Amino acid sequence: MLPLLILLLALVAVMIEPRFLSTNNLLNLLRQLTPLLIFAAAQGIVIMSGGLDLSQSSVLSVAGVAGVLVMPQLGIGAGVCVMVAVGAFCGLFSGFVVAATGASPLIVTLSALSITQAFALILANGVPIYDVPGEYTDLIGFTSLAGIPVMVLIGLAVLACCWVLLRFTVFGRYVYAMGSNFSAASHSGVDVRFYTVLVYVLSGVCAGIGAVVVTAWTSAAQPIAAPNLALQALASVVLGGVALKGGSGGMIHVVFGVVTLGMLSNVLNMIGVSAYFQTLAVGLVILLAVCLDRLRQRSARR
């Protein structure tokens with residue numbers, strides 16, 4: 001169904017703006033989708049394991065601010081490493097709390113959202129940081145390899161890594177096992193606490209990589225960056241067909257969801273719909289996705 005919806009959106013876009021299929025526009029669309037793709041790939045794995053991560057956007061913010069702050073003294077490579085490391089540490093924190101206490105991932109990651117957002121505001125003194133090296137923004141934000149933007153290649157690499165992890169590793173099998181039946185997975189010998197922590201660390205690392213992409217693309221580190229991105233990633237994952245209760249889905253579902261939501265946003269932009277109504281549209285899409293998920297669950301039980 002989603003491939004047909006994507007084709008329909010593309011047809012509508014071409015009718016509105018014939019230049020929609022131009023190479024430049026498609027590359028720009030891919031750039032816009034890249035942060036969402038990175039977030040959705042990680043969120044998809046978390047949901048498949050039976051969890052949820054609402055802190056991705058704020059982790060991106062604090063990782064981006066921390067990385068950009070160290071770049072002038074330690075260099076671009078160190079700044080990138082700091083972003084990924086900060087993201088991994090934040091994921092480790094959330095995963096450890098969820099695994100150790102058995103608390104709801106929704107509550108834990110909501111708390112992590114507030115904590116990491118506060119650290120981002122404190123580190124940046126509440127204002128955006130524009131002291132980003134030009135070489136960094138040029139290399140990751142605007143350079144292309146074989147005609148494909150580097151930031152898009154980074155997003156595709158993250159997607160490929162997540163796909164390999166799910167399909168060909170023990171980690172992937174345990175993710176599905178935990179999402180299908182957490183208690184049964186534990187009784188069958190899976191170290192569910194350890195793999196729960198790993199899932200959230202992976203989500204944090206992806207948020208750190210998202211920080212690399214976003215700070216390079218915008219040439220700034222925002223203490224409140226892309227606040228709706230985590231919500232859009234969640235909508236993409238569920239819209240694509242990943243069950244909210246966990247245990248099913250794959251990266252192809254994530255891709256379909258991301259492309260559908262991204263093209264919907266692109267079409268709304270082309271017809272001049274304001275950002276307020278686009279937010280409303282995203283909210284309605286999330287509601288639709290949740291309803292579809294419930295219908296799928298009922299159908300599966302019959």
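1. Is A226 buried, partly exposed or exposed? A226 counts as partly exposed, because its relative accessibility is 32%. This is a predicted model, so treat the values here as computed from it. A226 sits in the loop between α10 and α11 (229–240). Its phi is positive, about 45 degrees, although A226 is not a glycine.

2. A146 counts as exposed, because its relative accessibility is 84%.

3. Next, helix α5. It covers residues 105–124, which makes 20 residues. At 1.5 Å a residue, α5 should span 28 Å.

4. Which residues of α5 are buried? They are P105, V108, T109, A112, T116, Q117, A120 and A124. Seen down the axis of α5, these buried residues fall within an arc of 165 degrees, so they line one face of the helix. The general rule behind such patterns is simple: an α-helix has 3.6 residues a turn, so residues three or four places apart point the same way.

5. What covers the buried residues of α5? The cover includes α3 (56–74), α4 (76–101) and α10 (192–218). The face of α5 turned away from its buried side carries the exposed residues I107 and I122. After α5 comes N125, with a positive phi near 55 degrees.

6. S94 lies in helix α4. It counts as buried because its relative accessible area is 2%, and the cut-off for buried is under 20%. Leaving aside residues up to four places away in sequence, S94 touches S55, V108, T109, A112 and Y200.

7. Now the cavity. How many cavities of 30 Å³ or more does a search of the whole structure find? The search finds one. The largest cavity has a volume of about 50 Å³. Its lining is made of D53, S55, Q56, V59, C90, G91, S94, Y200, S203, G204 and A207. The elements that give two or more residues to this lining are α3, α4 and α10. The largest share, four residues, comes from α10.

8. Helix α12 passes the length check too. Its 20 residues, 251–270, should span 28 Å at 1.5 Å a residue. The end C-alpha atoms of α12 are 28 Å apart, which agrees. The buried residues of α12 include M251, V254, G257, V258, L261 and N266. After α12 comes G272, whose phi is positive, near 80 degrees.

9. Last, the cysteines. A search of the whole structure finds zero disulfides. C81 is in no disulfide, and the nearest cysteine sulfur, that of C206, is 16 Å away. C81 counts as exposed, because its relative accessible area is 53% and the cut-off for exposed is over 50%. A disulfide needs the two sulfur atoms within 2.5 Å.

Terms used: Residues numbered from 1 in each chain as written. Predicted model: local features only at pLDDT ≥ 70, side-chain atom pairs only at ≥ 80, totals over all residues. Heavy atoms only, no water. Buried < 20%, exposed > 50% of the residue type's maximum accessible area, 1.4 Å probe, protein only. Expected span 1.5 Å × (residues − 1). Arc of directions from axis to C-beta. Contact = heavy atoms within 4.5 Å. 1 Å grid on protein atoms, 1.4 Å probe; cavity = no way out; pocket = protein on both sides within 12 Å on 5 of 7 lines; lining within 4 Å. Points joined across faces, edges and corners; volume = space filled by probe spheres on them.
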